[in-house]
Amino acid sequence: MMAKRRIETMEENRAKLIAAARKAFAEKGYSAASMDELTGEVGLTRGALYHNFGDKRGLLAAVVHQIDAEMAARARETGTQAGNDWDGLLAEGTAYIEMALNPEVQRIVLLDGPAVLGDPSQWPSQNACLQATKETVERLHEQGILKPVDAEAAARLVNGAALNAALWVAAAEDPEDIFPKAVEAFRHMTAGLLARPT
């Protein structure tokens, strides 16, 4: 019973730290966020932070993973509402790019994340996205909608295009101006995979 309670307390502490870090990183950015302020806000010590995440970078990785997973779920949901696999693929990519307009996503996932954690395509959360896109591409092949290209190659390029478009939007001086240009180019590029042009 005590062990179960300890695990619950650890999970609660972990959740508190992630929530506080998410708020601090969104408001101040990664480098300006103070770990002492952050742990103090939730009534925990720096020891709890180190125990759960190793260091500040580990905490950022956990926050990025959480937001990136939410982004993927939102994009997938948008895709499933599109009616068919092709429109779903386009809707998912467009939704992902559009999330770059969200200030929290912009700062934490698309600006600080790559600067601190490295290449986003190597993040664990991106692997689930890639697998889902690959499955969609395979279905589209079977339906004769796409040219007979390698499914993994096509999935990596489609995801890479959406990710790079989102990075461009996030880093732009005027993201609202860049967003429609990025989406239009993404849609034209992806259409190149179609067996019969629309």
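The model is a predicted one. Two places are worth a visit: the packing of helix α5 against helix α9, and the polar contact between the side chains of T133 and N159.

**Helices α5 and α9**

- Helix α5 covers residues 85–98 and helix α9 covers residues 175–191; the two pack with their axes 10 Å apart, at an angle of about 150°.
- Since angles over 145 degrees count as roughly antiparallel, α5 is roughly antiparallel to α9.
- The crossing of α5 past α9 is right-handed.
- On the α5 side, the residues that meet α9 are W86, L89, L90, A91, G93, T94, I97 and E98.
- On the α9 side, F179, A182, V183, F186, R187, T190 and A191 take part.
- Sorted by class, this contact of α5 with α9 has 10 nonpolar residues, three polar ones and two charged ones.

- You will find T133 in helix α7, which spans residues 124–142.
- T133 has a relative accessible area of 6%, so it is buried.
- Setting aside neighbours within four places in sequence, T133 is in contact with L89, A155, V158 and N159.
- L89, one of these contacts of T133, is also among the α5 residues that meet α9.

**N159, the partner of T133**

- N159 sits in helix α8, residues 151–171.
- The side chains of N159 and T133 are joined by a polar contact of 2.8 Å.
- N159 counts as buried because its relative accessibility is 17%, under the 20% cut-off.
- Again leaving out neighbours within four places in sequence, N159 is in contact with C129, L130 and T133.

Terms used:
Residues numbered from 1 in each chain as written. Predicted model: local features only at pLDDT ≥ 70, side-chain atom pairs only at ≥ 80, totals over all residues. Heavy atoms only, no water. Axes fitted to C-alpha atoms, helices over the stretch in contact; angles between N-to-C directions. Helix = DSSP H or I, 4+ residues; strand = E, 2+ residues; numbered from the N terminus. Parallel < 35°, antiparallel > 145°, perpendicular 65-115°, else oblique. Left-handed = near helix turned anticlockwise from the far one by under 90°. Contact = heavy atoms within 4.5 Å. Nonpolar A, V, L, I, M, F, W, Y, C, P; charged D, E, K, R; others polar. Buried < 20%, exposed > 50% of the residue type's maximum accessible area, 1.4 Å probe, protein only. Polar contact = N/O pair within 3.5 Å; in protein donor to acceptor, adjacent residues only side chain to side chain.
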